[in-house]
Amino acid sequence: MQPVNEQISQLYQTKFGSEPVSISKIPQSGSDRIYYRVQGETVCIATANKNIKENQTFLRFSEHFKKCNCPVPEIYAVSKDESIYLQQDLGDTSLLNVLEQHGYT
């Protein structure tokens, strides 16, 4: 099996037609998913997770919410085994950050 960075690079190249300039791990938040900021012509977030059912659920929810015109990150590409996906980078602030800062109510 290829290292995660190689898998991310390959998925990025397949989607965007060029190699990423850098792949940097960013902090996890709330699950076993591992996040990477991928820099290149297009900046995106790569999510790696061995829990395929969790990935499938996230991807289906994202698709549903997008159809309902909810503001969710765009999913750019998904690996064949569904263990890695590339999504729109919306910056450094996460929902968890907001909840921790302003409370959970």
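**Note on a predicted model: strand pairing, core and salt bridges**

1. Strand β3 and β5. Strand β3 and strand β5 (residues 84-88) pair in the antiparallel sense over five bridges, where two strands pair if DSSP finds at least two bridges between them. Helices (H or I, at least four residues) and strands (E, at least two) are DSSP runs, numbered from the N terminus. Within this pairing, A48 stands opposite I84 of β5.

2. Basis of the note. This is a predicted model, in which local features need pLDDT of at least 70 and side-chain atom pairs count only at pLDDT 80 or more, whereas totals for chains, interfaces and linings use all residues. Residues are numbered from 1 along each chain as its sequence is written, and side-chain values use heavy atoms, with hydrogens and water left out.

3. Burial of β3. Strand β3 covers residues 44-48, and five of its five residues are buried, so the strand is largely enclosed by the rest of the structure. Buried means under 20% relative accessible area, exposed over 50%, and partly exposed in between (1.4 Å probe, protein chains only).

4. Strand β2 (residues 34-39) runs antiparallel to β3 and is joined to it by five bridges. A hairpin of four residues connects β2 to β3. Y36 has A46 as its bridge partner in β3. On β1, K25 stands opposite Y36 in β2, within an antiparallel pairing of β1 and β2 over five bridges.

5. Helix α1. This helix (residues 4-16) has 13 residues and reaches 18 Å from its first C-alpha to its last, close to the 18 Å expected at 1.5 Å a residue; the expected span is 1.5 Å times one less than the number of residues. Its buried residues are Q7, I8, S9, L11 and Y12. These buried residues pack against β1 (22-26), β2, β3, β4 and β5, contact meaning heavy atoms within 4.5 Å. The helix is followed by G17, whose phi is positive, near 80°.

6. The nonpolar core. The largest nonpolar core has 11 residues in all: I8, L11, Y12, Y36, V38, C44, A46, A48, A77, I84 and L86. At least two residues of this core come from each of α1, β2, β3 and β5. A nonpolar core is a set of buried Ala, Val, Leu, Ile, Met, Phe, Trp, Tyr and Cys residues joined through side-chain atoms within 4.5 Å. In soluble globular proteins, nonpolar side chains tend to be buried together.

7. S79. This residue is found in the loop between β4 (75-78) and β5 and counts as buried at 14% relative accessibility. A polar atom of the S79 side chain lies 3.2 Å from the backbone nitrogen of S83. A polar contact is a pair of N or O atoms within 3.5 Å; within protein, one must be able to donate a hydrogen and the other to accept it, and residues adjacent in sequence count only if both atoms are side-chain atoms. Leaving aside neighbours within four places in sequence, S79 is in contact with L11 and I84.

8. A search of the whole structure finds three salt bridges, each defined as a side-chain nitrogen of Lys or Arg within 4 Å of a carboxyl oxygen of Asp or Glu. One joins the side chains of E54 and R33 (3.1 Å, N to O). This pair links distant parts of the chain, 21 residues apart: E54 lies in helix α2 (residues 52-67) and R33 in the loop between β1 and β2. E54 is partly exposed at 25% relative accessible area, whereas R33 counts as buried at 16% relative accessibility. Another joins D89 and R37, with the closest N and O atoms 2.6 Å apart. Here D89 lies in the loop between β5 and α3 (95-102) and R37 in strand β2, 52 residues apart. R37 is buried, with a relative accessible area of 14%.

9. E63 and K67 form a salt bridge whose closest N and O atoms are 3.4 Å apart. The two residues are separated by about one helical turn, because they stand four residues apart in helix α2. E63 is partly exposed, with a relative accessible area of 44%, and K67 is exposed, at 64%.
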